[in-house]
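Subject: Structure handover

Hello,

Here is the structure for your work. My notes on it follow below.

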Amino acid sequence: MPKISVCDLNVNNRRVLVRVDFNVPTEEKDGRVRITDDTRIRETLPTIQYLVGKGAKVVLMAHFGRPKGQPVPKYSLEPVAERLAELLEIPVQFSPECIGASVEHRVDALKPGDVLLLENMRFHAEEEKNDAAFSQALARLGDVYVNDAFGAAHRAHASTAGVAAHLSETATGLLMEKELKYLHGELADPAKPFLVILGGSKVSDKIGVIKALMEKANTFLIGGAMAYTFYRAQGIATGNSRVEADKTDLAVELLELAKKKGVKFLLPVDNIETLEIKAGTTTARNTGRLSPGHGITDGYEAVDIGKETIELYKKEIATAKTVLWNGPVGIFEIPDFANGTFSLARALAESDATTIIGGGDSVTAVKQAGLGDAMTFISTGGGASLELLEGKVLPGVAALAEQDA
Ligand code: ADP
Ligand code: MG
């Protein structure tokens, strides 16, 4: 059953308690915290603006960093309140407390259209423990609960899940709906051919995703360090490449599963290998076509897919109707090893397929290539998107009410 949407609720003149994901990357400069990427704040604007427009009293809850259950000044959400106010172009109040009498008074004083951000939920250890009393204390601040924090929905915490049990009206926010639409709805019955590009550092991180998607995908394009565990499993020399030696049996199992299901499971046919992991190295070179008799050179580490592989993968992308990408295919953080990842990003940008990007580093890579706007959908949730793709139920979604049949 679809969930009740924020748009289904009467919010006028009511206190709407909204969980958002404001866990943004920051840097400290001259003693001040600066937000380096405000995407997650921007992505929440539609829900907040909708509520403001409907005359709701908006109370925002969020977490920031890992303060481990106590107040840590550098993890205060106050700079986020300032940035949010700039983006909304209306004042945003900030409460240094998130439960108790003082914040309850503040909430009582809110007028329709006002926005109040509460201090970091994780300043209280009860948040991550999903403590019932803490959830109840949060619930006193709202008449209605809306969860728009997709990026935190895989955690069963007080503000992401527990609080919902104490309020009679609950709903999804607009960002949450968009994430579920693409990562769940669209991929439940994807237009075919359905192509999955998987990369990143470890095959062990992605086992659940590979197994779940094996049921639906026509083709897998494998890259990143995880490719070399598959090489090892097939007796191809891996040099100094990152390999999970204890996962080779699993790699064999996955290759056999693909064969049994008639799923194309492509590994890089050539790679960039290098002696040093640094920009401007003179030791990076192409391996040439790999085979059990010809692998990654001793002492060298594979850091990107090679030219021939890029061409092969681009051909596959060109025929796909749906593409899901999770995990960069090389160490793209170093420009010398970013060519594979950026080339595939360009191929996706040029394709007419529905293109969905999930996973923290893959999203960073696509944006660094300047191609964020060319994709159909870019997820704001790393861990949450992986768990959803694995077919898991997200606690932050399960806690919300469904529409009547
Ligand atoms: P995502 O966040 O998109 O799910 P992961 O966290 O699984 O992706 O992996 C991202 C990391 O994988 C990047 O930091 C990248 O440098 C690394 N990586 C990609 N290819 C390689 C490789 N060949 N060797 C080592 N690390 C790699
Ligand atoms: Mg990552």
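Start with threonine 380. Leaving out residues up to four places away in sequence, threonine 380 touches Asp21, Arg40, Glu43, Phe150, Gly151, Leu175 and Glu179; contact means heavy atoms within 4.5 Å. The side chains of threonine 380 and glutamate 179 are joined by a polar contact of 2.6 Å. A polar contact is a pair of N or O atoms within 3.5 Å; within protein, one must be able to donate a hydrogen and the other to accept it, and residues adjacent in sequence count only if both atoms are side-chain atoms. Threonine 380 counts as buried because its relative accessibility is 11%. Buried means under 20% relative accessible area, exposed over 50%, partly exposed in between, with a 1.4 Å probe and protein chains only. Threonine 380 sits in the loop between β17 (377-378) and α13 (383-389). Helices (H or I, at least four residues) and strands (E, at least two) are DSSP runs, numbered from the N terminus.

A word on conventions. This is a predicted model: local features need pLDDT of at least 70, side-chain atom pairs count only at pLDDT 80 or more, and totals for chains, interfaces and linings use all residues. Residues are numbered from 1 along each chain as its sequence is written, chains are lettered from A and ligands numbered from 1 in the order written, and side-chain values use heavy atoms, without hydrogens and water.

Now the ligand. Around ligand 1 there are 18 residues, and Lys206, Gly330, Glu333, Asp361 and Ser362 come nearest; the cut-off is a heavy atom within 4 Å. Glutamate 333 has a side-chain N or O atom 2.5 Å from an oxygen atom of ligand 1. For lysine 206, a polar side-chain atom lies 2.8 Å from a ligand 1 oxygen. Glycine 327 uses a polar backbone atom, 3.4 Å from an oxygen atom of ligand 1. On its own, ligand 1 has 580 Å² of accessible area, and the protein covers 87% of that. Areas come from the Shrake-Rupley method with a 1.4 Å probe.

Next, helix α5 (residues 132-139). Its buried residues are Phe134, Ser135, Ala137, Leu138 and Ala139. They pack against β1 (15-19), β4 (57-61) and α4 (125-128). Aspartate 131 caps the N-terminal end of α5, with a side-chain oxygen 3.1 Å from the backbone nitrogen of alanine 133.

Last, a sheet. Three strands form an open, antiparallel sheet in the order β13-β12-β14; strands pair if DSSP finds at least two bridges between them. The edge strands are β13 (285-286) and β14 (301-305). Strand β12 (residues 271-274) pairs with β13 over 2 bridges.

Best regards
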